[in-house]
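Here is a short report on the fold and its side-chain pairings. Keep the sequence and the 3D view open as you read.

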Amino acid sequence: MARFTDIRALAFDLDGTLTDSAPGLTSAVDAALQALDLPAAGLERVSTWIGNGADVLIERALTWALGHQPESDLLRDARVLLDKHYATVVESGSKLFPGVKEGLHKLASTGMPMAVVTNKPTPFVAPLLASLGIDSCFSLIIGGDDVIAKKPHPAPLFLVLGKFGLLPAELLFVGDSRNDIQAAQAAGTPCVGLTYGYNYGEPIASSQPTLVLDHFNDLLPALGLEQDEKDETHRI
């Protein structure tokens, strides 16, 4: 397996990378649609709409339900409904993917700075991380409201680079969708594409990340970290 040798910090996407949040997002989307007398979309469809933030998520849902682009007033009302319903299920409707909690704590134990970079609305992010027991792993959280341009624009990663004082080659970004890979490529940072997330039904390899991994635990050896907790020489 290829290894990254010059990495000084890590950044992670959230939905589809660290958390399986599709059930909660589906519940919120369907509740918003039904409140507008529109049909529910269901988990399979909503999973393919995740990744570009709440505005795009509800726009995709409305376009599917109506069969055409929604008017701006309807889009605004639907976004309010989405946030209202999601606030009630954001924690109960999300869980960590296998190996994530253990892997993050192992990485955090190296003392290397780590960030979350997500298009999810910012107010939902920190409470979700805390409820999942991983908030202490991150020294920086960049949510969808913290930058003018969301992923796939590189702005969120440029913000991370500035906050951490790094060159692009020193930050590794880990994500599950083409938005993540495109953002990393535009920022000039190496990136890992995880195969188990929500990439619009497309294989993540088609976006040509620096490295493709099937499991979160595969990230540890890729960074030169071994599983043996007693071996202090295996540090990044």
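A salt bridge here is a side-chain nitrogen of Lys or Arg within 4 Å of a carboxyl oxygen of Asp or Glu. By that rule, a search of the whole structure finds eight salt bridges. This is a predicted model: local features need pLDDT of at least 70, side-chain atom pairs count only at pLDDT 80 or more, and totals for chains, interfaces and linings use all residues. Residues are numbered from 1 along each chain as its sequence is written, and side-chain values use heavy atoms, with hydrogens and water left out.

**Salt bridges**

| Pair | Closest N to O |
|---|---|
| Arg79 and Asp55 | 2.5 Å |
| Arg79 and Asp83 | 3.0 Å |

Helices (H or I, at least four residues) and strands (E, at least two) are DSSP runs, numbered from the N terminus. Arg79 pairs with Asp55. This pair links distant parts of the chain: Arg79 sits in helix H4 (residues 72–89) and Asp55 in helix H3 (residues 54–66), 24 residues apart. Arg79 also pairs with Asp83. Both of these residues lie in helix H4, four residues apart, about one turn of the helix. An α-helix has 3.6 residues a turn, so residues three or four places apart point the same way.

How accessible are these side chains? Buried means under 20% relative accessible area, exposed over 50%, and partly exposed in between (1.4 Å probe, protein chains only). Arg79 is buried because its relative accessibility is 18%. Asp55 is partly exposed at 43%. Asp83 is partly exposed too, at 25%.

Lys151 lies in the loop between S5 and helix H7 (155–164), and Asp180 lies in helix H8, so the pair ties together parts that are 29 residues apart in sequence. Lys151 is buried, with a relative accessible area of 2%. Asp180 is buried as well, at 2% relative accessibility. Salt bridges with shared partners join Asp13, Lys151 and Asp180 into one network.

**The sheet**

Two strands pair if DSSP finds at least two bridges between them. Six strands form an open sheet in the order S5-S4-S1-S6-S7-S8, with parallel pairing. Strand S5 (140–142) and strand S8 (211–213) stand at the edges, each with a single partner strand, so one side of each has no neighbour in the sheet. Neighbouring strands are turned by 20 degrees against each other on average, direction ignored. Such angles come from axes, which are lines fitted to C-alpha atoms, for helices over the stretch in contact; angles run from 0 to 180 degrees between N-to-C directions.

Strand S7 (residues 191–194) pairs with S8 in the parallel sense over three bridges.

Which way do the S7 residues point? Cys191 and Gly193 point one way from S7, Val192 and Leu194 the other way, and all are buried. In a regular strand the side chains alternate between the two faces of the sheet.

Contact means heavy atoms within 4.5 Å. Helix H8 (residues 178–187) lies across strand S6 (171–175) and S7, running at about 170 degrees to S7.

The buried residues of H7 are Pro156, Leu157, Val160 and Leu161. They cover an arc of only 145 degrees around the axis, which puts them on the same side of H7. That arc is taken from the directions from the helix axis to the C-beta atoms. Gly162 and Lys163 are exposed on the other side of H7. The buried residues of H7 pack against strand S4 (114–117), S5, S6 and H8. Gly165 follows H7 and has a positive phi, near 70 degrees.

**Ser47**

Ser47 lies in helix H2 (residues 43–47). Ser47 is buried, at 17% relative accessibility. Its side chain reaches the backbone oxygen of Leu43 at 2.8 Å. A polar contact is a pair of N or O atoms within 3.5 Å; within protein, one must be able to donate a hydrogen and the other to accept it, and residues adjacent in sequence count only if both atoms are side-chain atoms. Not counting residues up to four places away in sequence, Ser47 touches Ala22 and Tyr198.
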